[in-house]
Each structure stands twice: as C-alpha cells, then as structure tokens.
Amino acid sequence: MREQLLAAEKVKAIEWRDGALHLLDQRVLPFEETWLSYASADAVAEAIRSMVVRGAPAIGIAAAYAIVLALRARLAAGGDWRLALEADFKRLADSRPTAVNLFWALNRMRERLDRLKDGDDPLAVLEAEAVGIHQSDREANLTMAQLGVDLIRKHQGNLQNLLTHCNAGALATGGFGTALGVIRAAHLEGLVERVYADETRPWLQGSRLTAWELAGDGIPVTVNADSAAAHLMKTRGITWVVVGADRIAANGDVANKIGTYQLAVSAMHHGVRFMVVAPSSTIDMALGSGEDIPIEERGGDELLTLNGVPVAGGVEALNPVFDVTPADLIDFLVTEKGVVERPDLAKMTQLMCRKRLH
Ligand code: MRU
C-alpha cells in the first residue's frame, strides 16, 4: 500500500531548492500554475498572510524554511544574530493565528537553535531541521492515509460517497494530504463511488483546490455549495465526512475551516460518520478546549466581492474563517500516532504519549 500511496503523490506546493523557498501560488489555481520564489522571511510571512501558501501543515513547513532564510540574512549582517532573529520569529508568528502548526514549527526551529553546540554550523543544522519537518509531515500523511482507509473499510466497506470541506490535500501539507490522503487511499482500494467537495466560501478552497487535486487523480468529484451539504447527506447516500484540522484542543475539540461545525451537526443528525485527519503537530495540549482557540477573522471584502467584483455593498460583513467542532460530534480522529474514537481529554493525553507509528 505504501508504494501505491507514494505513487499517488503528484501535486507539490512547497519546494526548498537552491537555497530558496518555492511556493505554488494557491491564489490563482486552478487556471494558473505559478511558482513564486522567496529569499527572505518577511516575504514568506506575507505569503502566509496573503494565502499564497495555506493549510495548517504547509504553513508550518513554510515558516520553518523562512527561519533558515532569516538566519542566513542575520548571520551575513553580523552582530547579535540571535537577538535579531527574534524579530523574524515574531513576524512569522503574527502571519496567521489559528493553525497551531505554524507555532509548532517555529518552536521546533527555536528549540533546535537552543541546542546548538560549539562548532555546529547553525545554518546547516537549521536547514536540516526544516527539511526534517517537511519530510516527517509527508511520512505522517502516509501513515494517516492507511489508518483512515482501514476505518472506512472496517465500518462501511464497499463503495462510499464521501464529503470533504476546504482543502486538506497535497496543497495544504508536505505530502499528499490529510483528509485527501485518506480519500486517495480509499480510491486506490476501490472504495470510493464519489467525493463531494464543499466549495468552501469565501476563498473556494474546495472548488478551486480540492476538486483540482482529485480530478487530477481521476477520482470522481462533484463540487457543491456549502449550504447543500445537509441535503446531500439526506439524498446522496453520503457515508463519511472526512476533513482536516487547524488546531485540536486537549479535550478533542477541533478548529477547522468555517463550515466544518455545521457539517458535523448535520452528519450526526443523518448518521453519517465524521472523521478528522490531522498530524499530531496540529494538536495543542496547552489549550483545554476549543473555546481557547483563536479564530482568525479576515476582511469583509472576501465576502462582498467575487474575483474582485463587488456583489454587495454599503453593509458590514463578518468573516470568521474557522469554527470549532465539539469533540462529541467527532467519531474518529486519525493522527500518525494512531486513531482516537470519540476524543476526550483522557484519550488525547494517552495519544500524545505514544510514539509515531512510522
Ligand atoms: O484558510 P486555510 O485555507 O489555510 O484553511 C485550511 C483548512 O482549514 C484546512 O482544512 C486545514 O488546514 C487542514 S490542511 C491539512
């Protein structure tokens, strides 16, 4: 299965090459495939803020490479480079608030910096750390895909209609995706009849990115308006909702793209199973519950315009871009450390003590 899954890795959104970070510009997909190159941490912070790169694990990976770019510049400038680097950590941490992978990756880079020994080459050590973060996310995707598809096979078998939200695929990770990794594996096993992709207003990660990724793999995919999801659960034989996550609190509450919460409520009502797929770097045991998760609000113009064309005016718009799904609406949380059924504090604590499965 691992070999088949590796062969399914076609799309990439992040490349570290020739001492620069290269990002596939997700603002213009699917009609334009434009790669942008970054040589400074400031520019990467802006790329994260403006969603050139997006998706929780991908943001963390980009930030890790940005620290390498920052270190190179600070070393070249001379003086107290450790002190100067603090400004780069801060700028990157301020780029987006909800996905904890950003802060997790920055912490890992800082911890590695703190463990430097005399004679170490700081740049080489931190570059290896960033590459390690990237590579381990890719590995985590493979493990989660296998665990997730086992659940689908065990709990339903045969041909499934799956529904997903936002984009939790290759574009959002270092590998072939979290939720879309499971969906890709299910397709390889012949378990997928059709995937319904919520369009995911207002940024359209579903219709622009998820549909593009799945269609590119020959997986039958249909785009639907977010507001059609409950109706589709009732009329289209949907058996699983499979989504990613941006931050998971210690009690198992899950922050993900706005609209996920109402999907979970509808899934519970219709007896549709609800699976969250996320690496342990998305779990924030420092936060007791989802109420503590900072929810990003973006500009109202994202709602009041379509492709820059105004569709409403003279009114305020409220644009929270994440919501929190309570743990008791989640059937399975799939991580690279294992699966948690009906997450709660005790199960999450136990999970975090485990080693990765790969
Ligand atoms: O605003 P975005 O596009 O960065 O939001 C992304 C999501 O909500 C994804 O579902 C989540 O990050 C999981 S990605 C593997």
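Start at glutamate 213: its side chain reaches the backbone nitrogen of leucine 171 at 2.9 Å. That is a polar contact (a pair of N or O atoms within 3.5 Å; within protein, one must be able to donate a hydrogen and the other to accept it, and residues adjacent in sequence count only if both atoms are side-chain atoms).

Before going on, note that this is a predicted model, in which local features need pLDDT of at least 70, side-chain atom pairs count only at pLDDT 80 or more, and totals for chains, interfaces and linings use all residues. Residues are numbered from 1 along each chain as its sequence is written, and side-chain values use heavy atoms, with hydrogens and water left out.

**Stop 1: around glutamate 213**

Select helix α8, residues 205–216; glutamate 213 sits there. Helices (H or I, at least four residues) and strands (E, at least two) are DSSP runs, numbered from the N terminus. Is glutamate 213 buried or exposed? Glutamate 213 is buried, at 1% relative accessible area. Buried means under 20% relative accessible area, exposed over 50%, partly exposed in between (1.4 Å probe, protein chains only).

Now show its contacts (heavy atoms within 4.5 Å). Beyond neighbours within four places in sequence, glutamate 213 touches Asn167, Gly169, Ala170, Leu171, Leu180 and Arg184. Pick out alanine 170: it is 43 residues from glutamate 213 along the chain, yet their C-alpha atoms are 7.8 Å apart.

**Stop 2: the two domains**

Colour domain 1 (2–135) and domain 2 (147–352). These bounds come from an automatic or database domain assignment. The domain centres, taken over C-alpha atoms, are 25 Å apart. Domain 1 brings 32 residues to the contact, and domain 2 brings 36.

How much area is buried between domain 1 and domain 2? About 2,800 Å², with 60% of it from carbon and sulfur atoms. Buried area is the accessible area (1.4 Å probe) that two parts lose on being put together, summed over both. Select Val11, Arg54 and Thr98: they supply 23% of the area that domain 1 buries against domain 2, more than any other three residues.

Next, look for charged pairs. The interface of domain 1 and domain 2 holds two salt bridges. A salt bridge is a side-chain nitrogen of Lys or Arg within 4 Å of a carboxyl oxygen of Asp or Glu. Zoom in on arginine 96 and glutamate 296, whose side chains form a salt bridge at 2.8 Å, N to O.

**Stop 3: the nonpolar core**

In soluble globular proteins, nonpolar side chains tend to be buried together. A nonpolar core is a set of buried Ala, Val, Leu, Ile, Met, Phe, Trp, Tyr and Cys residues joined through side-chain atoms within 4.5 Å. The largest one here has 50 residues; Ile14, Leu21, Leu23, Val44, Ile48, Leu92 and Met109 have the most contacts inside it. Helix α3 gives the most to this core, with 14 residues. Both domain 1 and domain 2 give at least three residues each.

Click isoleucine 14. Leaving out neighbours within four places in sequence, its contacts include Trp35, Tyr65 and His134.

**Stop 4: backbone details**

Find proline 30, in the loop between β2 and β3. The peptide bond from leucine 29 to proline 30 is cis, with omega near 5°. A cis bond also joins arginine 201 to proline 202, with omega near 0°.

Finish at methionine 51, in the loop between α2 and α3. Its phi is near 70°, a positive value in a residue other than glycine. Methionine 51 is buried, at 1% relative accessible area.
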